[in-house]
Amino acid sequence: MDWLNSFDRSAPRKPRLLRRGRGELYEIEKILTGLRSTAGRQNPRPLGRGASLGLIFMAILNLKEREIECKIVYYGPGRCGKTTNLEHIYKQYKKQTSGEMVSVDTEGDRTLFFDFLPMGLGKVKGCDVRVQLYTVPGQVQYSSTRKLVLRGVDGVVFVADSLVERREKNMLSLKDLQQNLQEYGLNIVKIPLVIQHNKRDLAEQGIFLMSIDQMERDLNRQLKVPSFPASAVTGQGVGATLKECLKLTLLSFKKELQFGR
Ligand SMILES: Nc1nc2c(ncn2[C@@H]2O[C@H](COP(=O)(O)OP(=O)(O)OP(=O)(O)O)[C@@H](O)[C@H]2O)c(=O)[nH]1
Ligand SMILES: [Mg+2]
């Protein structure tokens, strides 16, 4: 997968914003289902959900046509930089994006529903790999929307905020992720997960940040998942975070297939 190295530095496109009224949850569900099934595929045909009993891997497989479609969700507390991550990916990896970035209902820079960005990674081991990136709304009150966006998740990027005053919010959000995954029968210890320590650029402006060591102790002491310092604003670490999450997701997928045979 050398696609992340092939930067396309042409002029950034402005993400298209879909502004919708605050509908009921089933409304969002319809949007989510529609986006998932239309992004980059002409004849959506899910062949399998979970390769084996008891183990849940939600990637949509179309083995006959050798296609894999997986869903990566950016999770984390409000204002930690999830949308900014997607915006950076949308601008810098245009060749790999297979459609517009869509932000469903925003208020200023706050996500009220979710952001969505479809990508096509080309062939990996002969399979056409399509990836759908989502962000959840981080604000505490959008708990049910977060849970809905997580449905069918294959891999998670947990974006943590390096600001000292966000320490507790990071930990609460990680706990919220664990609980929401659990409600879908998924285990935070088993799901492909990467932690991003975001906003490291603020240190250069003299803002006192939590050390990476402290953030690792707070969030990653037990999980021990790959983690990356990053700045979604400058783009530093954004590609590395996504690449690692994709790697873990595809590896987990491969294991599932072998187990299911
Ligand atoms: N300096 C700096 N600012 C950042 C960084 N990432 C995000 N921000 C800023 O933080 C604010 C919130 O960023 P968003 O990407 O909207 O945060 P979010 O996680 O999507 O927030 P919610 O939608 O409310 O969950 C914006 O003003 C961003 O410009 C970063 O790495 N460095
Ligand atoms: Mg957002």
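Visitor: What share of the 261 residues in the protein chain is buried?
Guide: Buried residues make up 40% of them. Buried means 20 or more other C-beta atoms within 10 Å of the residue's own, with C-beta atoms placed from the backbone. This is a predicted model: local features need pLDDT of at least 70, side-chain atom pairs count only at pLDDT 80 or more, and totals for chains, interfaces and linings use all residues. Residues are numbered from 1 along each chain as its sequence is written, while chains are lettered from A and ligands numbered from 1 in the order in which they are written.

Visitor: How many helices and strands are there?
Guide: The protein chain has six helices and nine strands. They are DSSP runs numbered from the N terminus: helices are H or I with at least four residues, strands E with at least two.

Visitor: Why is strand β8 largely enclosed?
Guide: Six of the six residues of β8 (residues 193-198) are buried, so the rest of the structure largely encloses it.

Visitor: Which residues sit on each side of β8?
Guide: Leu193, Ile195 and His197 are on one side, Val194, Gln196 and Asn198 on the other, and all are buried. In a regular strand, side chains alternate between the two faces of the sheet.

Visitor: Which bridges does β8 make with strand β7?
Guide: β7 (residues 155-161) and β8 pair in the parallel sense over six bridges. Pairing takes at least two DSSP bridges between the strands. Phenylalanine 158 has isoleucine 195 in β8 as its bridge partner.

Visitor: And how many bridges join β8 and strand β9?
Guide: Three, with β8 and β9 (residues 227-229) parallel. Glutamine 196 stands opposite phenylalanine 228 in β9.

Visitor: New topic. Which residues touch the most other members of the largest nonpolar core?
Guide: Val73, Leu133, Val156, Val157 and Phe158, in a core of 52 residues. A nonpolar core is a set of buried Ala, Val, Leu, Ile, Met, Phe, Trp, Tyr and Cys residues joined through C-beta atoms within 7 Å.

Visitor: What about the ligand? Which residues come nearest to ligand 1?
Guide: Gly81, Thr83, Thr84, Thr111 and Gly138, out of 22 residues around ligand 1. A residue counts as near if its C-beta atom, placed from the backbone, lies within 6 Å.

Visitor: Which element gives the largest share of that shell around ligand 1?
Guide: Helix α2, with three residues.

Visitor: Is α2 mostly covered or mostly open?
Guide: Mostly covered: nine of the 11 residues in α2 (residues 82-92) are buried. Thr83 and Thr84 are among them.

Conventions: A residue is buried if 20 or more other C-beta atoms lie within 10 Å of its own, exposed if 12 or fewer, and partly exposed in between; C-beta atoms are placed from the backbone.
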